[in-house]
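Here are some notes for a colleague who is about to look through this model. Please read them with the structure open alongside.

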Amino acid sequence: MEFLPLKYRGRVALFPFWTFGVAILVGVAYVVPNWRFLHLACAVFCLPSFACTLVVPESVRWLTVTGRLDDAMEALRKMARLNGKQVPLSARSTLEMIYFKRKEERKDGQSYSYLDLFKSAYLLKCTIVISYMWCTMSLISYGISFGADGLAGNLYLNILLTNCVEIPALLPVLWMMDRIGRRWTTVLMFSIISAATVASLVLSMKGISGNDLVAFCFALVTKMCVDTGWNVIQTWGTELYPTVTRALGYGVAATSARIGGMLAPFVINLKSRLVLTFMTISGMSFVAILLCFILPETRLSALSDNVASTPTSFTSAQDVELEMGASREGMQDHDEKDGDPNEVLLSGHVRETVLNGSAPLHNGSPILKSSCA
C-alpha cells in the first residue's frame with residue numbers, strides 16, 4: 001500500500017486475489033480429493049510468491065525513519081529505473097531531513113514495539129477498533145465457509161459461490177470508497193449484513209420458506225458484504241497507522257482475525273443453530289457500525305510517518321478529518337501553483353512514496369510536512 005498513490009490504494013485492495021485463489025483451490029480439491037496431495041498442491045502454488053521478494057523493494061518510509069538511508073536511496077533508484085525516470089537530486093536531502101526529524105521525536109533512537117500501540121490514545125483507539133472489525137469479519141467469513149457443507153446443494157459449488165459472490169460488488173464498493181469514503185462504505189457493508197441476518201432470523205422463526213433456502217440466501221448476501229467490507233477495512237487501517245507502527249498494527253489485526261477464525265466453528269452453525277447464528281452476527285455487526293464513527297475518515301489523507309504526527313489524545317474524528325483535509329488541500333494548492341520541475345521527474349508511484357511524508361519541494365529545498373492521519 002505504501003508504494004501506491006491515494007487513488008490506487010482502494011483499487012488494489014479490492015482486487016479479488018483471495019477469491020481467485022479459493023476458486024483455484026475448489027477446482028484442485030475436486031480433482032485431487034486426497035487431503036495429502038491437496039496440501040502438496042497448495043505448497044506448489046505458493047512457490048511463485050517467493051519471486052516477489054526479488055521485485056518488490058522494502059518500504060522506503062520504513063528504511064528512512066529507521067536510518068537506513070543508503071538502502072532507501074537504492075530502493076528509490078530501483079523504482080525510478082522500473083518507471084523509466086530519474087531520482088531527483090534533492091531526494092537524499094529529503095530523506096535525511098525526514099530521518100533527523102524522526103530521530104529528534106524519538107529519544108535515543110528507541111525502536112517501536114507492540115506496546116507502543118497502547119501508549120498513544122490515538123493508536124490505542126485505532127488498534128481496538130480495527131482489531132474488533134477484523135475479528136468480526138473473520139468470524140463471519142470463516143463461519144460461513146466452514147458451514148458450507150450445511151447448505152443445500154453440492155459442497156464444491158457452495159464453496160465456489162460463497163467466495164465468488166463478492167466479485168459483482170467490487171466495482172460499486174470501489175466507487176463508494178472514492179466518493180463517500182472508507183467509513184461510510186464500511187458502515188454500509190455492516191448495515192447490509194445486519195439487515196440480512198435480522199430478515200433471515202425473522203423468516204426462520206416465522207417458518208416462512210424452508211430453512212435451507214433462508215440459510216443459503218443469507219450466506220450469499222453476508223459473504224459478499226463481509227469479503228468486500230474486509231478489503232475496505234484493510235485499506236482504512238493501513239491509512240490510519242503511521243509508518244513506524246503500521247506493520248505492528250497490521251500484525252495485531254491479523255492476530256485478532258485468527259482468533260475470530262478459531263471461534264467461528266463454535267459460534268456459527270448454519271445447520272443446527274440458525275437462530276443463535278443470526279443473533280450473533282447481527283449483534284457483532286451493529287457494534288462494528290457504532291465503532292466506525294470513532295475513527296477518522298482517511299479518503300483524502302496522506303500517510304503519516306511517525307507517532308508524533310498523529311493526534312496525542314482522543315481527538316474527535318471530525319477534528320482529525322478537518323486537519324487532514326486542510327493539509328491535503330494545502331499540498332494540492334502548492335502543487336498547482338508552483339509546479340516544481342523536480343517532482344515531475346518521478347512517476348506518480350515513486351513521487352507518492354518519496355514525498356508523501358514531506359511537503360512538495362520548494363525552490364529545490366525539501367520542506368517537511370506534518371500530517372494527522
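1. Helices (H or I, at least four residues) and strands (E, at least two) are taken here as DSSP runs, numbered from the N terminus. The model is predicted, and local features need pLDDT of at least 70, side-chain atom pairs count only at pLDDT 80 or more, while totals for chains, interfaces and linings use all residues. Residues are numbered from 1 along each chain as its sequence is written, and side-chain values use heavy atoms, with hydrogens and water left out.

2. The unreviewed UniProt entry places a "transmembrane region" at residues 12–31, 37–56, 122–144, 156–177, 184–202 and 274–295; such annotations may be inferred rather than shown by experiment. In the model, residues 122–144 are 100% helix and 0% strand, with end C-alpha atoms 33 Å apart, and residues 274–295 are 86% helix and 0% strand, with end C-alpha atoms 32 Å apart.

3. Helix H2 (residues 17–31) packs with helix H3 (residues 35–46) at an angle of about 145°, their axes being 10 Å apart; axes are lines fitted to C-alpha atoms, for helices over the stretch in contact, and angles run from 0 to 180 degrees between N-to-C directions. Ile24, Leu25, Val28 and Ala29 of H2 meet Leu38, Ala41, Cys42 and Phe45 of H3 (contact means heavy atoms within 4.5 Å). The residues of this contact divide into eight nonpolar, no polar and no charged, where Ala, Val, Leu, Ile, Met, Phe, Trp, Tyr, Cys and Pro count as nonpolar, Asp, Glu, Lys and Arg as charged, and the others, Gly among them, as polar.

4. The axes of H7 and H12 come within 6 Å and cross at roughly 35°. The contact of H7 with H12 divides into 16 nonpolar, eight polar and one charged residue.

5. Which helix gives the most to the lining of the largest pocket? H2 does, with eight residues. A pocket is an open set of points on a 1 Å grid over the protein atoms alone, where a 1.4 Å probe fits, with protein on both sides within 12 Å along at least five of seven lines, and lining residues have an atom within 4 Å of a point. The lining divides into 31 nonpolar, ten polar and seven charged residues.
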